[in-house]
Amino acid sequence: METDGTHDSPGTRANPVPRPAGPPPMPSSAPFAAPAGSGPAGPGPVESGPRVPPPAPGHAPGTGPTLREWLHVPRVGGAPGTWAYGHVARAPQEPERTPVRQLVSGALISLLAGLLLWSLLWNGYLGGFWLWPLYMFTFDSWRGTMASVVAAYVYYALVVVVLLVVFGRLGRWAELARRVRGYRPGGAPAPPAPAPLAPEHDPAEWPELRAAGQGELAARLAAEVRDGRMNDVDYARIRRAWHSVRADPSRLTAFTEAVRGRGAAACVHPSGKRDLPVRAARHDLYGRQVRLGTVLDGERNPYPRRGTGVALDPALLGTSLLAVGPPGAGKTRALVRPVVESLALQALAGQAAVIAVCAAGTQLGPDDAYDVVVRIGDPASVYDLDLYGGTTDPDEAAAVLAEGLVGDLADTDGRRATTALAQLLGPFRAAHGRLPAVPELRELLDGELAALAALRDSLDTDGHHAMRRELDARARQSGAPGDPGRALADRVALLDRPAFAGFFDTTGRTRPFSLRALEHPLRVRIDLPERGHAEASRLLARLVLAQFTANAAVRSDRSLFACLVLDDATRTLTAETLRGVQRLRSVNAGAVLTLRTLDDVPEALHTALLGAVGCRMAFSGITTWDGKRFAEAWGTEWVETRDVTQRTVFADQPLTRAIHSFRKLVTGKAVTTDAVTVRKVERERWSASDLAHTVPAEHAVLSLRTVGGEHAPPLLVDLRN
């Protein structure tokens, strides 16, 4: 995987806002979910504990923009995906651009004309009228003295300046100079310095609290901002907590006590962390944006977007994003890590929950940047993965597990697979009060007589006659034509390996992570053993995706934005999971999926995949076959074309023929006239060939759509900036 140099960035520059060192981390025995009392909406104003002064800043002041300066930078909204921090809107249409060759020729002609006029004036060929002002404004007594000489040369200098101004404007010297220095006519000017804000409009003075009559709290927080004890995460977190107070006034007392007692450290995340150990991208937590790059200043992009920053936020990620590019194109470095990092910061602010799934060793930040790190196959892993997604209902568990196990098999009926699993999970839970672990489930799917007999005896002893009938039905169907039992057993066998011993436990001996915890602001990373167990890794990724789409839709509290990031979605997408991905936008959730090529998904799902996501990203180096699919998804547009036809000019007059002959002798070309035809035609926004061959390295073509329906056309983005 690609690696990236890291640096601190509070969302404004590479240098950090002074960040306080957070309180000590929770003990290792603390649960990964939010503690009781924090509420499902994340770290709200319900914090209690000793009132201690906020810790000192963890970075020396003056190393970057202060939080107050960061808050004062204007944020101008634009088209979807525009980096709003300090954005200056461009003109909607590109101004007329005079060719540089024409500017140079005009400047030379005006310069020569000015020199000629000055020569004629200086040598007296035009008379002495231009000296009359000199004679009128000088004294007769100065004649023959040094004063008259000085006055004369001053006057000559004024005349030269007037000639330079007049002929400079005629020859457009200033425009030529700006063009030579690289100035783009019509480009965004430098943003003016922000004017001082009144306290009722200054975000650093917490005007929302003052307007609600909480002047004391606003003054305390404003002092934290001025003294450098608050960072951007603190600001976003407390602002979020205040919004929760406005939604539920019963939290006001707890919020007031927390702010009075801890200041900038109030309403802290359950982990106790107030920032990430390191940042590798530019973030603006005020607008919940992360910057990916800059729209290339070229004809392929709309003029208003050229040179502007490109950023992602929950409004865009809520429609889900698909990125396709070959290995080494920069998907992990330029997209996955910035998005995961942004969502992790928002989780610390109580605004989001993120689940990142990647191969072991992928550079998605240090372990300290996450609340839960599940290392499948690593005996040192603190957390396990719940195979059933946290549910105790056998039918629900069977549906999700069947999708993960055999959802990618075209010759296996998903409904029959769900039924087969339910016929085993239900009786097992009725007999043992829990769902089976992997070895137990494998024995039942393999039809081992001892395991089935023991389960029948338990059901008979406890009087579960309905479940006994379910188990008998499974035994009768086993081995019948079209029975999915064998395929299920083969897939479960991939997880019943010595490397996974101790994982997927259901007896309570481990600390399993469940995707039922999406109601809490968690930062989770799941490392898959791609190197030695590629098939099992694909199966687990598919299972996590199925669990995520199922659990995100049934959350009782959807105020947190939940996002699943799959660093490699090869062979994880099925027809059912794509339908689940489509439904995420209505439940404040989204998914980020990356692929090396669309061929990693069954061909029958290509159209459904591109239609299920609202944001599509094609990296440099994709094939023309992949480019064709993107070109079809992006459609066509009406463009204005100019057809120029050259026709040879035949002269009738002898003098004209002589001039044309001389011109042809000098230039080697016949005299022609141009006939220009302007028309509108419908063309592909990006053709398959353009996507495959004209996108530079470390660039990508990105189209965006928000949950509200706003969209941006495909943009060629420079991911290096």
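User: Which residues line the second largest cavity?
Analyst: This is a predicted model. The second largest cavity holds about 50 Å³ of space. Its lining consists of Tyr 388, Gly 389, Thr 391, Glu 396, Val 400, Gln 547, Ala 550 and Asn 551.

User: Which helix gives the most to the lining of the second largest cavity?
Analyst: Two helices, α12 (394-406) and α18, each supply at least two residues of this lining. By kind, the lining residues are three nonpolar, four polar and one charged. With three residues, the helix that gives the most is α18.

User: What is the volume of the largest cavity?
Analyst: The count comes to three cavities of 30 Å³ or more. The largest cavity is lined by residues including Leu 276, Arg 337, Glu 341, Pro 366 and Tyr 370. That lining divides into eight nonpolar, one polar and two charged residues. The volume of the largest cavity is about 90 Å³.

User: Is Glu 175 buried or exposed?
Analyst: Glu 175 sits in helix α5 (residues 173-180). Leaving out residues up to four places away in sequence, Glu 175 touches Thr 98 and Leu 103. Its relative accessible area is 19%, and buried means under 20%. Glu 175 is therefore buried.

User: Are the rings of Phe 630 and Trp 634 stacked, edge-to-face or tilted?
Analyst: A search of the whole structure finds 13 aromatic pairs. For Phe 630 and Trp 634, the ring centres are 5.4 Å apart and the planes are at 45 degrees. Planes under 30 degrees apart count as stacked and over 60 as edge-to-face, so the pair of Phe 630 and Trp 634 is tilted.

User: Where are Phe 630 and Trp 634 placed?
Analyst: Phe 630 is buried, with a relative accessible area of 0%, and Trp 634 also counts as buried, at 7%. The two residues are four residues apart, which means about one helical turn separates them. Both are in helix α21 (residues 624-634).

Note on methods
Residues numbered from 1 in each chain as written. Predicted model: local features only at pLDDT ≥ 70, side-chain atom pairs only at ≥ 80, totals over all residues. Heavy atoms only, no water. 1 Å grid on protein atoms, 1.4 Å probe; cavity = no way out; pocket = protein on both sides within 12 Å on 5 of 7 lines; lining within 4 Å. Points joined across faces, edges and corners; volume = space filled by probe spheres on them. Nonpolar A, V, L, I, M, F, W, Y, C, P; charged D, E, K, R; others polar. Buried < 20%, exposed > 50% of the residue type's maximum accessible area, 1.4 Å probe, protein only. Contact = heavy atoms within 4.5 Å. Phe/Tyr/Trp six-rings, centres within 6.5 Å; stacked < 30°, edge-to-face > 60°.
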